[in-house]
Amino acid sequence: MTDLGLSAGQAGTETATTSDNLHRYAWRLLRSRVMLRAPRHHDGRPDLRAAVFSTREVHNETAVPGHLVVLTELIDLFDAITHLPDDQMDVAVLQYLCGTPHQTIAHILGIAPALTHAVDHHARATVEALLTTPTPE
């Protein structure tokens, strides 16, 4: 898979006017700025767990029995997503956390729609494996 991420150091090596794909350039620039400000786990991964409290599920389900289970599962999901490679994390965040359709994701990331589907498939398989594999105690 092609790495769609862009580190802060890479952001200055090309400009929007020299980029062969303006949408991909813009996404990489935005991603690098967001990642610079994101809280981090001790191993350097972004910590998305606080974003759980901004989800529709949390705001709509707080009075329903079992909402703490949903909250715990969402925290685990958000944490698992941070283990994905950058391209898969981008698609997972846009698709499942932001509710963005595949066609729009392809446009935002500057990639082919078929590639968006393939990356999504790999991301879902990886997250499923992370969520179902027992953690050593």
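Contact, as the term is used here, means that heavy atoms lie within 4.5 Å. On this criterion, among contacts between residues at least 6 apart in the sequence of the protein chain, 54% join residues at least 24 apart. The structure is a predicted model. The protein chain holds six helices and zero strands, and the order of its elements from the N terminus is α-α-α-α-α-α. Of its 137 residues, 34% count as buried. The chain exposes about 8,400 Å², of which carbon and sulfur atoms supply 59%.

The arrangement of the helices is considered next. Two packed helices are described by the angle between their axes and by the distance between those axes.

Helix H5 comprises residues 102–109 and helix H6 residues 113–132. Their axes come within 8 Å and cross at roughly 105°. Because angles of 65 to 115 degrees count as roughly perpendicular, H5 and H6 are classed as roughly perpendicular to each other. From H5, the residues His 102, Gln 103, Ile 105 and Ala 106 take part in the contact, where they meet Pro 113, Thr 116, His 117 and Asp 120 of H6. By class, this contact of H5 with H6 has three nonpolar, four polar and one charged residues.

Helix H6 also packs against helix H4, which spans residues 86–97. The axes of H4 and H6 come within 9 Å and cross at roughly 90°, which makes H4 roughly perpendicular to H6. On the H4 side, the contact is made by Asp 87, Gln 88, Val 91 and Tyr 96, and on the H6 side by Thr 116, Val 119, Asp 120, His 122, Ala 123, Arg 124 and Thr 126. The residues of this contact of H4 with H6 divide into four nonpolar, four polar and three charged. Within H4, the buried residues are Asp 87, Gln 88, Met 89, Asp 90, Val 91, Ala 92 and Leu 94. Just after H4, Gly 99 adopts a positive phi of about 70°.

Thr 116 is buried, with a relative accessible area of 0%; the assignment follows because buried means under 20% relative accessible area. When residues up to four places away in sequence are not counted, Thr 116 touches Val 91, His 102, Ile 105, Ala 106 and Ile 111. The C-alpha atoms of Thr 116 and Gln 88 are separated by 9.0 Å, the two residues being 28 residues apart along the chain. Gln 88 is itself among the buried residues of H4.

Glu 128 is also found in helix H6. Glu 128 has a relative accessible area of 48% and is therefore partly exposed, since exposed residues have values over 50% and buried residues values under 20%. Glu 128 lies 8.8 Å from Ala 80, C-alpha to C-alpha, although the two are 48 residues apart in sequence.

A further helix pair is formed by H1 and H5. Their axes come within 6 Å and cross at roughly 85°, which makes H1 roughly perpendicular to H5. The contact brings His 23, Arg 24 and Trp 27 of H1 to His 107, Ile 108 and Leu 109 of H5. Its residues divide into three nonpolar, two polar and one charged.

Asn 21 is found in the segment before H1. Asn 21 has a relative accessible area of 19% and is buried, because the cut-off for burial is under 20%. The side chain of Asn 21 reaches the backbone oxygen of Gly 110 at 2.7 Å. Ser 32 lies within H1, which covers residues 22–37. With a relative accessible area of 3%, Ser 32 is buried. Its side chain makes a polar contact of 3.2 Å with the side chain of Arg 33.

Methods: Residues are numbered from 1 along each chain as its sequence is written. This is a predicted model: local features need pLDDT of at least 70, side-chain atom pairs count only at pLDDT 80 or more; totals for chains, interfaces and linings use all residues. Side-chain values use heavy atoms; hydrogens and water are left out. Helices (H or I, at least four residues) and strands (E, at least two) are DSSP runs, numbered from the N terminus. Buried means under 20% relative accessible area, exposed over 50%, partly exposed in between (1.4 Å probe, protein chains only). A polar contact is a pair of N or O atoms within 3.5 Å; within protein, one must be able to donate a hydrogen and the other to accept it, and residues adjacent in sequence count only if both atoms are side-chain atoms. Axes are lines fitted to C-alpha atoms, for helices over the stretch in contact, and angles run from 0 to 180 degrees between N-to-C directions. Angles under 35 degrees count as roughly parallel, over 145 as roughly antiparallel, 65 to 115 as roughly perpendicular and the rest as oblique. Ala, Val, Leu, Ile, Met, Phe, Trp, Tyr, Cys and Pro count as nonpolar, Asp, Glu, Lys and Arg as charged, and the others, Gly among them, as polar. Accessible areas come from the Shrake-Rupley method with a 1.4 Å probe; for residues, only the protein chains shown count as cover.
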